[in-house]
Amino acid sequence: MNVLLTGGMGYIGSHVAVVLLQAGHRVILYDNLCNSEASVLARIEQITGKTPTFIQADIRATKTLTDALKQHAVEAVMHFAGLKAVGESVEKPIEYYANNVEGTVSLLEAMRETGVRSLVFSGSATVYGEPQYLPLDEAHPLSATNPYGRTKLHIEEMLRDLSVSNPLWRIVCLRYFNPVGAHESGLIGENPVGIPNNLMPYIARVAAGELKELSVFGNDYPTPDGTGVRDYIHVMDLAEGHVAALAWLAEHPGWYAINLGTGQGYSVLDMVATFVRACGRDLPYRIVPRRAGDVAACYADPGKALRELGWRARRDLLEMCASAWKFQNRTGTGLLGSDCEGRLS
């Protein structure tokens with residue numbers, strides 16, 4: 001199948017590209033390189049022995065998207081392009097709505113024009129808002145507490161409306177929990193530009209001596225060790241979930257939401273201790289006050305993914321940490337970015 005990946009040069013997109021190529025699909029990467037490097041193409045080729053097509057362009061360039069879908073006879077789209085730094089979304093809501101929502105409208109217009117009706121959307125567990133119960137299943141009430149979350153929720157609503165308007169559409173929103181880790185080769189992984197917003201790359205840079213210490217935001221939550229608990233999922237498990245969803249869509253018209261998580265919560269201190277095992281170094285950290293908006297615990301009920309997609313996460317926390325450390329050692333700072341997260345697209 002010919003599959004176009006918006007934001008395909010970024011953290012998650014590049015790993016999905018690897019799994020798609022290894023499964024025999026033809027991959028077209030569409031990315032403006034706002035927070036990634038062109039060198040990712042060579043890295044994907046080194047891993048897979050295949051070079052995907054690369055188109056450097058903005059997702060809001062509807063005609064360019066339309067031409068790409070036509071020229072490459074695209075049969076399905078995976079939509080990763082988007083901004084996702086929560087703090088930045090509060091400071092720059094217009095940019096977030098323009099890039100995430102307007103960008104998705106642009107993509108849907110191009111798909112409608114070319115008759116491409118299969119879409120896997122890079123969703124987020126942020127659409128669940130403050131957890132009312134745990135684990136979080138797909139029936140949990142939806143809400144958003146910041147502009148980034150509202151863009152994800154609004155896009156889901158747009159996609160649901162679209163599927164109602166035309167039964168030919170096949171759309172699945174994959175609600176990610178906390179993707180971490182890297183490909184086992186260490187060639188691709190998460191390396192955001194500037195100071196990382198996410199825990200794993202921050203820890204990796206502390207371990208490498210590039211950052212002084214980790215700040216742990218609060219140790220007085222109602223959790224086993226007082227620090228926040230999250231559902232971390234290996235990026236390769238996440239990538240395999242996308243390929244499973246793509247195959248599943250072929251037999252399932254309509255709109256669907258499916259969690260991709262492990263169902264296991266790990267605390268910040270669990271992550272620190274496991275990373276110490278992976279890298280063999282001490283990780284200096286200090287406890288600081290809680291951040292506004294953080295919740296005590298958030299983890300998935302991944303049962304629907306197993307029932308519908310036949311997918312489950314297979315890699316444990318030590319594998320996540322070991323792969324991230326291998327990537328850190330191979331690349332250092334600034335070589336590969338993530339999915340335009342915290343950057344304008």
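How do H7 and H11 lie relative to each other, and what word describes that arrangement? Before I answer, a word on the model itself: this is a predicted model, in which local features need pLDDT of at least 70 and side-chain atom pairs count only at pLDDT 80 or more, while totals for chains, interfaces and linings use all residues. Residues are numbered from 1 along each chain as its sequence is written, and side-chain values use heavy atoms, with hydrogens and water left out.

Now to the helices, where I follow DSSP runs numbered from the N terminus, with helices (H or I) of at least four residues and strands (E) of at least two. Helix H7, residues 199-207, packs against helix H11, residues 317-331, at an angle of about 55°, and their axes are 10 Å apart. The axes here are lines fitted to C-alpha atoms, for helices over the stretch in contact, and the angles run from 0 to 180 degrees between N-to-C directions. H7 and H11 are therefore oblique to each other, given that angles under 35 degrees count as roughly parallel, over 145 as roughly antiparallel, 65 to 115 as roughly perpendicular, and the rest as oblique. The crossing of H7 and H11 is right-handed, a term used if the near helix is turned clockwise from the far one by less than a right angle, with left-handed used if it is turned anticlockwise. On the H7 side, Met200, Ala204, Arg205 and Ala207 meet Met320, Cys321, Ala324, Trp325 and Gln328 of H11, where contact means heavy atoms within 4.5 Å. Sorted by class, that contact of H7 with H11 has 7 nonpolar, 1 polar and 1 charged residues; nonpolar covers Ala, Val, Leu, Ile, Met, Phe, Trp, Tyr, Cys and Pro, charged covers Asp, Glu, Lys and Arg, and polar covers the others, Gly among them.

Let me turn to a second pair. The axes of helix H1, residues 11-22, and helix H8, residues 235-249, come within 8 Å and cross at roughly 60°, and H1 and H8 are therefore oblique to each other. H1 passes H8 in a right-handed crossing. From H1 the contact takes in Tyr11, Ile12, His15, Val16, Val19 and Leu20, and from H8 it takes in Val235, Met236, Leu238, Ala239, Glu240, His242, Val243 and Leu246. The classes in this contact of H1 with H8 are 11 nonpolar, 2 polar and 1 charged.

E2 and E3 run parallel and are joined by 4 bridges, and Tyr30 has Ile55 in E3 as its bridge partner.

Strand E9, residues 229-230, pairs with E12 in the antiparallel sense over 2 bridges, and Val229 has Ser267 in E12 as its bridge partner.

Next, the salt bridges, each defined as a side-chain nitrogen of Lys or Arg within 4 Å of a carboxyl oxygen of Asp or Glu. By this rule the count comes to 10. One of the pairs is Asp67 and Lys63, whose side chains meet at 2.9 Å, N to O. Because Asp67 and Lys63 are 4 residues apart in helix H3, they are separated by about one helical turn.

I will finish with the backbone. Most residues other than glycine have a negative phi, and most peptide bonds are trans. Leu33, however, has a positive phi near 60°, and Leu33 sits in the loop between strand E2 (26-31) and helix H2 (40-48). Ala73 likewise has a positive phi, of about 45°, and Ala73 lies in the loop between H3 and strand E4 (76-79). Finally, Leu134 and Pro135 are joined by a cis peptide bond with an omega of about -5°, and Pro135 is in the loop between strand E5 (118-124) and helix H6 (147-165).

Terms used: Pairing = 2+ DSSP bridges.
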